[in-house]
Amino acid sequence: MSTLAPLIVPERVAAFLDLHGIGAGPVVATRIGDGGGSNFTFLLDRGGERFVLRRPPRPPLPPSAHDMVREARLQNAIRAAGFDRLAEIVAVCEDESVLGVPFYVMRFLEGHVITDELPAGLEDEDARHRLGLDLVDTLVEIHSADVGQPELAGFRRPGSYLERQTRRFSQLWEINKTRDLPEVEQVGAWLTAHLPEPLPETVVHGDYRLGNMMVAPERPTRILAVLDWEMGAVGDPRADLGYLLATYSEPGGRTSALGSSPVTAEAGFPSRRELVERYVAQSGREVEPLPWFEALALWKAAVFCEAIYGRFIRGELGAEDTRAAVFEVAVPLLAQTALETIGK
């Protein structure tokens, strides 16, 4: 079995940081975040300062996927347009001789990313409810950014965002699939044949769920920063709302097929209906047909989770990434849930 190339080479990262005047001295890199994810994140300790490095998986990569340079540019653009719940990006590396792939470096933010456990300060139902509402309000803020601003205008593309999404993920399925799953192709075909009329375009995060948020330590009812902008674009805002609903485990109700952010099933978090009502009231947008957008979210999740599963079974992930094994059953479940969402 061949040895995997290292994800981080501290000496090369230190030399890159030197070029940008970021910190001083040796770099100590520690993997953070969930193992088996799409991209990789490292905490960098350097001379008493802390930074965060984000990079894609090891090559080869599908065309236009895991584009760290674009991801950094989009975050800088939406910050310039007035949305500031973001980590500050301090350097972008396009030179693949450093780590074999492009990457970017952010300032470290002190906060909690909520996955399987709730941090201190969210013990009572009222606090959890306020966090759920701020999750929606943050999304409304993202969708309020003026896409006519010069920084964001470069991300606008002619034609239909929804058509591009269905076409792109159908292509990715052909690249990513490790087995025959006719349900995935059936959902993709149905979505393509039933494209909704578009809404005016906004910035779209693309992977909007509680697990991609950081909350403030002293005020965990408030979203401090929105993370993981890999699938960000300018498009139909309902794609984000559908994704939030599809990945949301409801108190006393449906559990997310993706298994993400299970803590939202705890009492106090808003229901899915409350999330929608809050979004409509705060944004002034009509959001139907939401089942189409929920199905789109589940189908897209199936496609990109199959890519992670493929890297796992080919031995391209490290020993710490065994969580990716769950996608053997999670991908078919996501596709089946998408079929149920559209009534098939």
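1. Helix α5 passes helix α6 in a left-handed crossing (left-handed if the near helix is turned anticlockwise from the far one by less than a right angle, right-handed if clockwise). The model is predicted, with local features needing pLDDT of at least 70 and side-chain atom pairs pLDDT 80 or more, while totals for chains, interfaces and linings use all residues. Residues are numbered from 1 along each chain as its sequence is written, and side-chain values use heavy atoms, without hydrogens and water.

2. α5 (residues 161-176) and α6 pack at about 165 degrees with their axes 10 Å apart; axes are lines fitted to C-alpha atoms, for helices over the stretch in contact, and angles run from 0 to 180 degrees between N-to-C directions. The two helices are therefore roughly antiparallel (over 145 degrees; under 35 is roughly parallel, 65 to 115 roughly perpendicular and the rest oblique). Helices here are DSSP runs of H or I with at least four residues, numbered from the N terminus.

3. On the α5 side, Thr 166, Trp 173 and Glu 174 meet Val 184, Glu 185, Leu 191 and Thr 192 of α6, contact meaning heavy atoms within 4.5 Å. These residues divide into 3 nonpolar, 2 polar and 2 charged. Ala, Val, Leu, Ile, Met, Phe, Trp, Tyr, Cys and Pro count as nonpolar, Asp, Glu, Lys and Arg as charged, and the others, Gly among them, as polar.

4. α6 (residues 182-193) also packs on α9: the axes come within 10 Å and cross at roughly 140 degrees, so the pair is oblique. This crossing is left-handed. Val 184, Val 187, Gly 188, Trp 190 and Leu 191 of α6 touch Trp 292, Ala 295, Leu 296, Trp 299 and Val 303 of α9. The contact has 9 nonpolar residues, 1 polar and no charged.

5. For α3 (residues 125-144) and α8 (residues 272-283), the axes come within 9 Å and cross at roughly 40 degrees, which makes α3 oblique to α8. The crossing is right-handed.

6. A search of the whole structure finds 1 cavity of 30 Å³ or more. On a 1 Å grid over the protein atoms alone, a cavity is a set of points where a 1.4 Å probe fits but cannot get out, and lining residues have an atom within 4 Å of a point. The largest cavity holds about 40 Å³, as the space filled by probe spheres set on the points. Its lining consists of Gly 206, Ala 239, Asp 240, Tyr 243, Leu 296, Ala 297 and Lys 300. α7 (238-246) and α9 (290-313) each give two or more residues to the lining.

How values were computed:
1 Å grid on protein atoms, 1.4 Å probe; cavity = no way out; pocket = protein on both sides within 12 Å on 5 of 7 lines; lining within 4 Å.
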